[in-house]
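Student: I've got a model loaded and some time to go through it. Can we start with the sheet and then move on to the helices?
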Amino acid sequence: MRGRYRILLGMAAGVGKTYRMLQEGHQALDEGEDVVIGYLEPHDRAETMSLADGLEQVPRLHVLQSGLDLMEMDTDAVIARKPQLALIDELAHTNATGMRNEKRYQDIDEVLESGIDVISTVNVQHLESLNDAIFELTEVRVRETFPDRILDEADEVVLVDLTPEALQQRLRAGKVYAPDRAEAALVNFFRVDRLSALRELALREVAEDVESRRVAQSLDPLSRQAVAERVLAMVEPQPKSQRIMRRAWRSAQRLGSEMDAVWVRPSGREPTAEEATQVAALRRLAGILGAHFLEVDGDDLVATIRRVAAERGSTYIFVGTPDESRRREIFGGSLLSRMVRELPGIDIRVVASRVDRDRLSP
Amino acid sequence: MTALWIVLAVLAAFALGLLLGPARPRFRKPKPGTRRILVPFTDGRLDSRVLDAAIRIAHAEGSTLVPAYLLRVPYQYAEDSPVTDEVAVALPLLEAVENAALRAGVPVDARIEKGRTPTHALRRLWDVEHFDRVVAPADPTIRHGFTMHDLTWILEHAPAETLILKPMS
C-alpha cells in the first residue's frame, strides 16, 4: 500500500518548515514509530541541526559534478531501510545530473510507492502555476518548480505560517542566514510587502486545498447540486475577450463548475473579417478550456444575457470593463447597473486589465 | 437681467459638458496595430529578454503582439481533449506576457493553440491566422521549449519573416 504523504508548505525560507518536520519526526518516534531522516537540507541553522539529533539519518549520496561534491538523497537506501516514516526536506529540489530522477519529488514518489510514509517541505514560490505570479511579485525567477498535482495528490498539506515581521526578526537574529547574507536578503527578497504577498499566496493555496477536499469528501450528490455553480463569460470579437475567458476559466476551476462563453451578435449584421477571426480564436480557446461557446442573436444585450443565463443555469457572470460614455450611462442606463437589476441572484464580476492597476499609483 | 442670462448659460454649458463629456479621465490604451507579430512559446516559459526584444520590435513597427502558448496533447489522449494541467500553467504566463506588452504600450492579442507537438500547434495557428512576422525564442541550454529540430522547422515553414532570438547566457 502507498505511504501517506504530508507536505509542510511555507511562504519563504526560514518560516520553520524543516524545524516542524523534525518536531513531527520526534513525536512519531516517541509514539513508537520507526522514523528516519531521508534527507535534511544542511542550512547550518543551529536550532534545526540540534533537533536532528536523536533521529537516524540515512547516509546521503556524494555526487561529483563540475568539480563540486554534491549531496543527494540515497533513495534506494531509504527504501531498503524500510522505515515507517521518512523525513525528506525540499521536495522541489533538482537532483544532480546523472541521478535516476531529475527532481526530488520523483524520488519521494518512489519512497511512497514502497509503502513508506513521508513528510516533506516546500515553499510556495516553487509551485509551477505560480511561477509567473511570483516573478511579478518578487522579480526573482524561480528555477526549481514542482507541478501542482503534487499538492493535489498529497494526503495532507499543512501551512507553516509566520508573520512577515516575525520572519524579518528571525533573519536579523541570524537564525536563517549568516549576518552578511541576511542584510542583503532583508532589502531584496525578504521585504515586508513581498513576504506579505507570498504569505497570501501560501494561505490561499492551503485554503483552496482544504476547500476542494471538504467539498469532495463531505457533500452528497444532492448537496452538490444545491451549491452547483455555472460560469458564463460575456465576450465580444475583441482581443480583451481572451482575458475574460481565461479569468472565467480559472474561477470555474476553483469552483469546480462548468463554463459557458457567449457572444451576443447584433441581429442581422454579418461579422467583419476581423471579427470573424476573433470569434474563431475565441471558439478555439473555448475548445482548449473545455468551455461551451455560444453565439446568439440579440439587439438587447442584457435581455439576451438574461435569457441565456436562465437557459444555462448560470450563477456567475464575467464581463469586461464597459467602455461607455457618460451620456449613454445617463440616458440609456449603464450596462452594469442594468445587469445588476435584471439578473437577480447572479454574481457579476467585471474583469479589468491588471495593467490598469498602474493608474492607482499616486 | 442680462447678467442672469449669462450666468444661466454658463451653468447650462457646464452641465452639458458633464453630460456629454467622458465619464472619467481616459487611460490611453494602445490602438491595434495593422501588422501582427507572433511570439510562440511552450513548456511553461518564455525568457523575459526574448519577450522584451519582441515588445521592442512591436513597438518600433507599430504592430500588434500575438503571444501564443503552444500546448502539447499527449498521444494517449484524443486531440480535442481538454489539457487542464497544462492550461493552468499557460494562463498565468500568458497573462504576464500580455501585461508586459500593454505596460509598454504595445497592443496585444494573445492566443493558446494545441497540438501533438509545438510545431503541430503552430501549423494549426498558421492555417487560420495571418502574421507578418514570427519571433521565436531559442535557448539550447534548457531542456524545455523549442528544440533545434523545431526551430529548423519554423525557419523552413513560417509563412512570414522569422526571427530566432537566443537569450544571452
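Student: What strand order does the open sheet in chain B have?
Tutor: The order is S3-S2-S1-S4-S5, five strands with parallel pairing. Strands pair here if DSSP finds at least two bridges between them. Strands (E, at least two residues) and helices (H or I, at least four) are DSSP runs, numbered from the N terminus.

Student: Which are the edge strands?
Tutor: S3 (111-115) and S5 (161-165) of chain B, each pairing on one side only. The twist averages 25 degrees from one strand to the next. Axes are lines fitted to C-alpha atoms, for helices over the stretch in contact, and angles run from 0 to 180 degrees between N-to-C directions.

Student: Before we go on, what are the ground rules for this model?
Tutor: It is a predicted model: local features need pLDDT of at least 70, side-chain atom pairs count only at pLDDT 80 or more, and totals for chains, interfaces and linings use all residues. Residues are numbered from 1 along each chain as its sequence is written, while chains are lettered from A and ligands numbered from 1 in the order in which they are written.

Student: Back to the sheet. How many bridges join S1 and S4 of chain B?
Tutor: Two, between S1 (residues 36-42) and S4 (residues 133-137), which run parallel. B:Ile37 stands opposite B:Arg133 of S4(B).

Student: And which strands does H2 of chain B touch?
Tutor: H2 (residues 48-61) packs on the sheet and touches S1, S2 (64-72), S4 and S5 of chain B. Its direction makes about 170 degrees with that of S1(B). H3 (residues 84-103) of chain B also packs on the sheet, touching S2 and S3. H3 makes about 170 degrees with S2(B). Contact means C-beta atoms, placed from the backbone, within 7 Å.

Student: How do the elements of chain B run?
Tutor: From the N terminus on, α-β-α-β-α-β-α-β-α-β. That is five helices and five strands. Of the contacts in chain B with a separation of 6 or more, 77% are between residues 24 or more positions apart.

Student: Switching to chain A. Is A:Leu9 buried or exposed?
Tutor: Buried, because it has 25 C-beta neighbours inside 10 Å. The cut-offs on other C-beta atoms within 10 Å, all placed from the backbone, are 20 or more for buried, 12 or fewer for exposed, and partly exposed in between. A:Leu9 is in strand S1 (residues 5-10) of chain A.

Student: What does A:Leu9 touch?
Tutor: Leaving out residues up to four places away in sequence, its contacts include A:Val122, A:Val157, A:Ala202 and A:Val206. A:Leu9 and A:Val122 are 113 residues apart in sequence, yet 5.2 Å apart in space, C-alpha to C-alpha.

Student: Which residues of H1(A) are buried?
Tutor: A:Lys17, A:Thr18, A:Met21, A:Leu22 and A:Gly25. They sit on the same side of H1(A), because they cover an arc of only 135 degrees around the axis. The arc is that of the directions from the helix axis to the C-beta atoms. On the other side, A:Gln23, A:Gln27 and A:Asp30 are exposed.

Student: What comes just after H1(A)?
Tutor: A:Gly32, with a positive phi of about 95 degrees.

Student: And in H7(A), which residues are buried?
Tutor: In H7 (residues 164-172) of chain A, A:Pro164, A:Leu167, A:Gln168 and A:Leu171. They fall within an arc of 100 degrees, so they line one face of the helix. A:Glu165 and A:Gln169 are exposed on the other side.

Definitions and conventions: Two residues are in contact if their C-beta atoms, placed from the backbone, lie within 7 Å.
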